[in-house]
Amino acid sequence: MFPVVINSKAPRQRAGVYVTLATGRGFLGASKVQRELGIKRLTINYGGAMIVDAATEQPFMVTELESRVVTDILDLAEGLGLHAHLYQGDGIVYEREHPYGSMYAEHLGLPARIEPEVRRMVWQNVPKVLIITEQERVPYLLPYFTRLLAGRCAVSASSPGFIEFNKIGASKGSALRLLSEHLGIERRFTAAIGDNTLDSEMIEWAGLGACVANGSSEVKKIADVTVPACEDDGVAYFIENYIL
């Protein structure tokens, strides 16, 4: 889920609300939404593994997965016949041609590279690894990966069929906390909205956390409020009824 809304007393916008994005996508992948919303400030990307200054397109904060963890995730995915790709800058890298990989890159307008030796290489600056599979497999695969990679990386679900892997401690919640501290905004003046487990820490940490009606049941349990589904303008409802 994209929006993170940070309530600030500073007149950064007409209503005094600092609005930004928190997304699993990289900066380039989220740039269309950023342009549509006119956001030219710090944004949370790669599920909290990176904060980028949208005005300069330069990283403000970056965390990365260890190379051994990256290759272990790729090995596990290969053993299950799953498509997995890692991120390098705003591009993606994967082992062989796959419809999920090509569709993902085309949809977001990302550069993609096929690297047959991807599981035998040493990788640096990888903020996230993503597995894309059929939506109905996620409830079974998510606990499987969580158990096998416990203590080595954080595992979460985002869009339908997406399983995301980040460094432990790198989450939308930790990024929201860092961003709030940087802006001098107290936790009680922050608000966040999301729909899946990738948003859990963010919704839990925010002074006011919301989940959309069609979101994960796990996220609804930790949210302070549930608002209409995203397709029913749930984000607008949250802003108008709880923020403004």
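The following legends describe close-up views of a predicted model.

**View 1. Strand S7 and the directions of its side chains.** Strand S7 covers residues 91-94. Gly91 and Val93 point one way from this strand, whereas Ile92 and Tyr94 point the other way. Each of these four residues, Gly91, Ile92, Val93 and Tyr94, is buried.

**View 2. The hairpin of strands S6 and S7.** Strand S6, made up of residues 83-88, pairs with S7 in the antiparallel sense, and three bridges connect them. Within this pairing, Leu86 stands opposite Val93 of S7. Two residues lie between S6 and S7 in the hairpin. Gly89, in the turn, has a positive phi of about 65°.

**View 3. Strands S7 and S8 with helix H3.** Strand S8 (residues 112-114) runs parallel to S7 and is joined to S7 by three bridges. Tyr94 has Ile114 in S8 as its bridge partner. Together with helix H3, which spans residues 99-108, S7 and S8 make a β-α-β unit that is right-handed.

**View 4. The aromatic pair of Tyr46 and Tyr87.** Six aromatic pairs are found when the whole structure is searched. In the pair of Tyr46 and Tyr87, the ring centres are 5.1 Å apart and the planes stand at 65°, so the pair is edge-to-face. Tyr46 lies in the loop between strand S3 (42-45) and strand S4 (50-53), while Tyr87 belongs to strand S6; the pair therefore ties together parts that are 41 residues apart in sequence. Both Tyr46 and Tyr87 are buried.

**View 5. The aromatic pair of Tyr104 and Phe162.** The rings of Tyr104 and Phe162 form a tilted aromatic pair, with 5.9 Å from centre to centre and 55° between the planes. Because Tyr104 lies in helix H3 and Phe162 in strand S11 (residues 162-166), this pair ties together parts that are 58 residues apart in sequence. Tyr104 is buried, as is Phe162.

**View 6. The cluster of Tyr144, Phe145 and Phe165.** Tyr144, Phe145 and Phe165 are linked into a cluster by ring pairs.

**View 7. Arg41 and the ring of Tyr18.** The charged end of Arg41 is placed over the ring of Tyr18. The distance from this charged end to the centre of the Tyr18 ring is 4.4 Å.

Key. Residues numbered from 1 in each chain as written. Predicted model: local features only at pLDDT ≥ 70, side-chain atom pairs only at ≥ 80, totals over all residues. Heavy atoms only, no water. Buried < 20%, exposed > 50% of the residue type's maximum accessible area, 1.4 Å probe, protein only. Pairing = 2+ DSSP bridges. Right-handed = clockwise from strand over helix to strand, strands pointing away. Phe/Tyr/Trp six-rings, centres within 6.5 Å; stacked < 30°, edge-to-face > 60°. Lys NZ or Arg CZ within 6 Å of the ring centre and 35° of its normal.
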